[in-house]
Amino acid sequence: MKNALLLPSRKKIPINNIYCVGQNYAEHAKEMGSTVADVPVIFLKPTSAVVESGSSVIIPAMSNNVHHEVELTVLIGTSGRNIPAGEALKHVAGYGIGLDMTMRDIQSEAKKHGKPWTTAKGFYTSAPLSSFMEVSAISDPQNLDFSLTVNGVQRQKTNTSKMNFKIHELISFLSTVFSLEEGDVIFTGTPEGVAQVIEGDVLNAELHGITTLTTTVTMEKNS
Ligand code: MG
């Protein structure tokens with residue numbers, strides 16, 4: 001079982017479902033040849049995709065183009081269904097930073113044929129997660145800087161104020177479709193600047209002043 005680590009208490013919460021939001025920053029939607037959606041675009045990753053800071057992302061043998069997508073992550077602390085937007089943030093236990101690693105070549109092929117993104121988005125090690133900071137330590141989750149460097153060079157940087165659907169709207173929406181549960185994690189979308197990673201790359205993601213995540217990239221060994 002994979003656990004989310006809540007700071008500063010160091011409480012561990014078993015990770016339940018992992019919901020991801022697509023095309024939630026206008027500039028990233030644009031670089032993908034798209035626009036932000038009228039209704040949140042949601043996909044899932046299995047919990048087996050989670051790796052903690054200090055571990056490696058393994059590029060699957062089937063892909064020649066794995067991309068990084070740095071994202072604010074939300075850890076749900078209180079279950080709920082049909083949560084009103086005005087109550088939504090009360091269901092959050094903490095905030096962190098995560099990487100929605102994506103096999104872009106596999107995803108592009110899936111998009112072309114109207115097929116699901118599960119393989120492209122949910123492969124083993126595709127969800128590096130930092131520890132989460134308890135909500136009491138964060139004054140405004142909708143005004144947080146976050147960024148990603150690869151080998152020390154900045155690749156992505158934004159502020160959570162630029163989200164199309166805000167955190168409370170995403171939580172409310174998800175709870176009307178699904179049943180949000182304690183331990184669910186939400187990847188809230190990536191800004192522009194997504195690009196390929198290769199073997200040996202060192203990725204450092206940071207939710208500024210709050211938490212960090214480091215991962216290295218390795219290749220799947222053909223047996
Ligand atoms: Mg993403």
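Modeller: The donors of the magnesium ion follow the spacing E-x1-E-x28-D along the chain, where donors are N, O and S atoms within 2.8 Å of the metal (3.2 Å for Na, K and Ca), and sites may look incomplete since water is not among the atoms. Glu-71 lies in strand E8 (residues 70-76) and Asp-100 in the loop between strand E9 (92-99) and strand E10 (102-103), so the pair ties together parts that are 29 residues apart in sequence. Helices (H or I, at least four residues) and strands (E, at least two) are DSSP runs, numbered from the N terminus. This is a predicted model, in which local features need pLDDT of at least 70 and side-chain atom pairs count only at pLDDT 80 or more, while totals for chains, interfaces and linings use all residues. Residues are numbered from 1 along each chain as its sequence is written, and side-chain values use heavy atoms, with hydrogens and water left out.

Biologist: Which residues coordinate the magnesium ion?

Modeller: Ideal angles at a metal are 109.5 degrees for four tetrahedral donors, and 90 or 180 degrees for six octahedral ones. Here, Glu-69 (OE), Glu-71 (OE) and Asp-100 (OD) coordinate the magnesium ion at 2.0 to 2.1 Å.

Biologist: Is Glu-71 buried or exposed?

Modeller: The scale is relative accessible area: buried means under 20%, exposed over 50%, and partly exposed in between (1.4 Å probe, protein chains only). Glu-71 is buried, at 0%, and Asp-100 also counts as buried, at 1%.

Biologist: Which strands form the open sheet of three?

Modeller: That sheet has the order E10-E7-E16, and its pairing is antiparallel. E10 and strand E16 (195-196) are the edge strands, each pairing on one side only. Strand E7 (residues 66-68) pairs with E16 over two bridges, and the bridge partner of His-67 in E16 is Gln-196.

Biologist: How many cavities of 30 Å³ or more does a search of the whole structure find?

Modeller: On a 1 Å grid over the protein atoms alone, a cavity is a set of points where a 1.4 Å probe fits but cannot get out; a pocket is an open set with protein on both sides within 12 Å along at least five of seven lines, and lining residues have an atom within 4 Å of a point. Grid points are joined across faces, edges and corners, and a volume is the space filled by probe spheres set on the points. The search finds one cavity of that size, and the largest cavity holds about 110 Å³ of space. Its lining has 16 residues, with Gly-22, Gln-23, His-28, Glu-69 and Lys-121 nearest the centre. Helix H2 gives the most to this lining, with three residues.

Biologist: How much space lies in the largest pocket?

Modeller: About 280 Å³ lies in the largest pocket. Of its 15 lining residues, Asn-3, Ala-4, Leu-5, Glu-52 and Leu-129 are the closest to its centre.

Biologist: Which peptide bond is cis?

Modeller: Most residues other than glycine have a negative phi, and most peptide bonds are trans. The bond from Leu-7 to Pro-8 is cis, with omega near 0°. Arg-10 has a positive phi of about 65° although it is not a glycine, and this residue counts as exposed at 55% relative accessibility. Gln-23 likewise has a positive phi, near 50°, but counts as buried at 18%.

How values were computed:
Pairing = 2+ DSSP bridges.
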